[in-house]
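This report looks at selected salt bridges and at one helix of the structure shown here. It begins with pairs of charged side chains and then turns to the helix and its surroundings.

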Amino acid sequence: MKCVSEKSEDKIREAAKRVFLKKGYDGTTSRDIANEADMNIALTNYYFRSKEKLFIEIFKDLMGLYFQSVIDILNKPVDIKTKISEVIENNYQMMKQEPDLVIFIMNEIHKVPERLLLKIPLYQQFKSTLFSQQLEAGIKKGTLRPIRIESILPLMTSCIEFLFLGKGIHQQVFNMSDTDFQEFAESHKEHVKAMICNYLILAD
């Protein structure tokens, strides 16, 4: 019986994830989720009580998917230049494969940051990474330009994310096909890596 219950919960969770990614929190109803899961609405409410409770659980999972790989890279025992390159590469691959995920996260956080971010202690996780320690040590030693982690992290991610979020604009303005855009995005990614490393690293 427990196995059946877990399968039903997983089915509802996956259905809700698809609907939330497509419509966002405000645009989704409990009936939408029930229809997507091919279950009656009473059953979805039985397992998750409310749309908000289900949304918070799914949002935490998606935030983990979005940020955990970055945190893992920042904690690797490698030099800071390698980490910057890997974070940018990771972000690039995620934007290629899951652009809707990033749009969804940004939209929902923008609308109600107090409901979502307070439940996920991201700031402390980033501040306690090995990358943060390396950054502080390099600044004190004079090998890295003084910059806060609150600045360097958005630089590594936003330069890639904005490129994909504005894909349609780039293609229209610069008359790019999908193939042209992919070639351009690959070269842009390498420019971002070089730009940030050249700015940050004063001496090896």
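## Salt bridges

Lys23 and Asp32 join their side chains in a salt bridge, with N and O 3.4 Å apart; the term stands for a side-chain nitrogen of Lys or Arg within 4 Å of a carboxyl oxygen of Asp or Glu. By this rule there are 15 salt bridges. The model is a predicted one, in which local features need pLDDT of at least 70 and side-chain atom pairs count only at pLDDT 80 or more, while totals for chains, interfaces and linings use all residues. Residues are numbered from 1 along each chain as its sequence is written, and side-chain values use heavy atoms, leaving out hydrogens and water.

## A link between two helices

Another salt bridge, at 3.0 Å from N to O, pairs Glu89 with Lys193. This pair links distant parts of the chain, since Glu89 lies in helix H5 and Lys193 in helix H12, 104 residues apart; helices are DSSP runs of H or I with at least four residues, numbered from the N terminus. Lys193 is buried at 11% relative accessibility, whereas Glu89 is partly exposed at 23% (buried means under 20% relative accessible area, exposed over 50%, partly exposed in between, with a 1.4 Å probe and protein chains only).

## Helix H5

The buried residues of H5 include Ile84, Val87, Ile88 and Tyr92. Among the elements that cover the buried residues of H5 are helix H4 (51-74), helix H9 (130-141) and helix H12 (178-200).

Methods
Contact = heavy atoms within 4.5 Å.
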